[in-house]
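Hi,

Here is the structure I promised to pass on.

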Amino acid sequence: MTDMAIVQQLLTQGNGMFAASQATKAGIHRQQLAGFVKTGILERTERGIYISPGELDDALFWMQQRAQKIVYSHETALFLHRMTDRTPIQYSITVPSSYKVSAYLKKSCKIYYIKQELIDLGKTEKSSGMGNTVVTYNLERTLCDIIRSRNKIDNQILIDALKNYARSNDKDLHRLYQYARNFGIEKILYQYLEVLL
């Protein structure tokens, strides 16, 4: 298989993008990638990420590929669940308390830390909106996170999220109250929901 065919295969498998590490595993050297960029066959969006010319960069997907322990949460999770019409300016992620966050993540994300035993609670997968799958929290966990962080989040985002959840056909109130119990916020949640439900 030619280098060009390998690059095309990587682009097809990755919905129009791939990482330099994937190319290396497939036998394409970084100098060859640089040559493809020079000739316009590829575009380099950031360090180690290549896309087809004109392709939009799926930053959510590639950020998670670089830091696989992150879980998209808070405002970003609301966006992934289509529970807000606000596109996040800065991605919100949750990581275990012991996780060493890279300078790249510190610069590009709003970071929340959680005890290791709670990191997987409500974890699910959603489409990034560009055809790739990313790890985020389900709606109930997301609402609990937003209520817990209500002093750091725009109050209108919280109210809108709760209203949208109350109208949603996908809501699971039993699960929501169970999660609220895990986080010790049942009373606060009840105060918000009794107005909306």
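Predicted model: local features only at pLDDT ≥ 70, side-chain atom pairs only at ≥ 80, totals over all residues.

Residues are numbered from 1 along each chain as its sequence is written, and side-chain values use heavy atoms, with hydrogens and water left out.

Back to that pair. The axes of α8 (residues 155–167) and α10 (residues 186–196) come within 10 Å and cross at roughly 60 degrees. That makes α8 oblique to α10; the cut-offs are under 35 degrees for roughly parallel, over 145 for roughly antiparallel, 65 to 115 for roughly perpendicular, and oblique for the rest. The axes are lines fitted to C-alpha atoms, for helices over the stretch in contact, and angles run from 0 to 180 degrees between N-to-C directions. On the α8 side the contact (heavy atoms within 4.5 Å) uses N155, L158, I159, L162, K163 and A166, and on the α10 side Y192, L193 and L196. By class that is 7 nonpolar, 1 polar and 1 charged residues. Here Ala, Val, Leu, Ile, Met, Phe, Trp, Tyr, Cys and Pro count as nonpolar, Asp, Glu, Lys and Arg as charged, and the others, Gly among them, as polar.

α8 also packs with α7 (139–148). Their axes are 10 Å apart, at an angle of about 155 degrees, and the two helices are therefore roughly antiparallel. This crossing is left-handed. L139, E140, L143, I146 and I147 of α7 meet L158, A161, L162 and Y165 of α8, which divides into 8 nonpolar, no polar and 1 charged.

Next, α9 (residues 173–183), where the buried residues are L176, Y179, A180 and F183. Buried is under 20% relative accessible area, exposed over 50%, and partly exposed in between (1.4 Å probe, protein chains only). Seen down the axis of α9, these residues fall within an arc of 105 degrees, so they line one face of the helix; the arc is that of the directions from the helix axis to the C-beta atoms. An α-helix has 3.6 residues a turn, so residues three or four places apart point the same way. The buried residues of α9 pack against β6, α7, α8 and α10. G184 follows α9 and has a positive phi, near 70 degrees.

Two loop residues are worth a click. L121 is in the loop between β6 (109–114) and β7 (123–127). Leaving aside neighbours within four places in sequence, L121 is in contact with Y137, R141, Y179, N182 and F183. D170 is in the loop between α8 and α9 and is exposed, with a relative accessible area of 63%. D170 and L139 are 31 residues apart in sequence, and their C-alpha atoms are 8.8 Å apart.

As for the whole chain, there are 10 helices and 8 strands, taken as DSSP runs numbered from the N terminus (helices H or I, at least four residues; strands E, at least two). Of the 197 residues, 44% count as buried. The C-alpha atoms fill a box of roughly 65 × 35 × 25 Å along the principal axes.

Cheers

Note on methods: Left-handed = near helix turned anticlockwise from the far one by under 90°.
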